[in-house]
Amino acid sequence: MSQIRSVIQGTGSYLPEKILTNADLEKMVDTSDEWIVQRSGIRSRHIAAEDETTADLAIHAARKALEASGFAAERIDGVIVATTTPDQTFPAVAVKVQAALGIPPGLAFDVQAVCTGFVYALTVADNFIKTGGAKRILVIGAEKMSSIVNWEDRTTCVLFADGAGAVVLEAQETDGQGILSTHLYADGTLRDFLYTDGGPSSTGAAGHIIMQGREVFKYAVNHMADIVGEVLEHNDVSAETLDWLVPHQANLRIIESTAKKLDLSMGKVVVTLDHHGNTSAASIPLALDEAVRDGRIKRGNLLLFEALGGGLTWGAALARY
Ligand code: ACO
């Protein structure tokens, strides 16, 4: 049955110029390339310049997504940015993107769900579109995680990185193209496993990432296995019909365990964390854009997005590209 759905009309991404390798990190903290690759799968990551902000990254990615969609800025009626590292406490990064791209007044705000941020933002945008609140929304995941990393803490500084990814969603009456379902969760009782030791109303400073990696890992493996099962059941589709899993890029072992649960070969999983690191809310749209531009993801492909992050928050979405 045909219905109004959010169709991905264009993707874009941006990575800062500077590359930080595991060898570089060996000179900064007591770590090794072998440990980082074995435990996480990460080999190198991009780090923003000191004067380069999250909005700068978001604007680059958004511009590319807009170009790919073929829409002029005047035709966009909403901007939603998923970020944990905004330039300022306010205004939102989204309004900076809106102004920089010449998008006319319309809804523009940020969503904060850490590494699940992009799935949350996609869900919010999808609901605006499905209920007629907007016709074309730019959804962006953008992070300067390097600004909240404690560069002396080897347990976290080897993981996080900077970047931005974006998609343009458009309301279209379709028979099965577009976002098919989204699924969001949070369990605030688990918030102490991953947090920053600061914030505007507590310390007055952004603070730094503190993570109990082993605990987060355990929840990630279990929640990702559960949520991908939920998505398939909800849509009455089998794992074999999936063309691509586009997961949050936190840890290769978590991704492999989700693929295994789906009985999906790793050849159907978009993995970018080896050269992107964990870019939090930016990681899914970055991976998506890379795979769209290199031709792996094609029109008509069935895509599954999934993520888990601080909060703890977790979520997934099924979309036909
Ligand atoms: N180099 C060398 N040794 C290290 C490093 C390092 N960079 N970091 C930690 N170690 C040591 C530890 O001190 C520990 O030593 P010990 O056994 O003597 O105490 C040992 O290595 C093992 O540490 P673990 O933390 O148990 O290592 P683990 O295998 O769990 O891997 C990792 C750590 C990679 C962080 C993993 O737990 C993980 O990926 N967790 C999930 C991360 C995640 O998904 N986060 C969610 C998204 S992020 C967000 O929302 C912002």
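**Model.** I worked from a predicted model, in which local features need pLDDT of at least 70 and side-chain atom pairs count only at pLDDT 80 or more, while totals for chains, interfaces and linings use all residues. Residues are numbered from 1 along each chain as its sequence is written, and side-chain values use heavy atoms, with hydrogens and water left out.

**Ligand shell.** I found 26 residues surrounding the ligand, the closest being Thr31, Arg39, Cys115, Arg214 and Asn251; a residue is near if one of its heavy atoms lies within 4 Å. By class, the shell divides into 13 nonpolar, 8 polar and 5 charged residues, with Cys counted as nonpolar and Gly as polar. Its largest share, 4 residues, comes from α7, a helix spanning 213-235 (a DSSP run of H or I, at least four residues).

**Polar contacts.** I looked for pairs of N or O atoms within 3.5 Å, and noted a polar side-chain atom of Asn251 at 2.6 Å from a ligand oxygen, and a backbone N or O atom of Arg154 at 2.8 Å from a ligand nitrogen.

**Domains.** The assignment, automatic or from a database, gives domain 1 (3-174) and domain 2 (178-320). Both domains give residues to the shell, so the ligand lies between them. Together the domains bury about 3900 Å², 64% of it on carbon and sulfur atoms, where buried area is the accessible area (1.4 Å probe) lost on being put together, summed over both parts.

Note on methods. Polar contact = N/O pair within 3.5 Å; in protein donor to acceptor, adjacent residues only side chain to side chain. Helix = DSSP H or I, 4+ residues; strand = E, 2+ residues; numbered from the N terminus. Buried area = accessible area lost by both parts, 1.4 Å probe.
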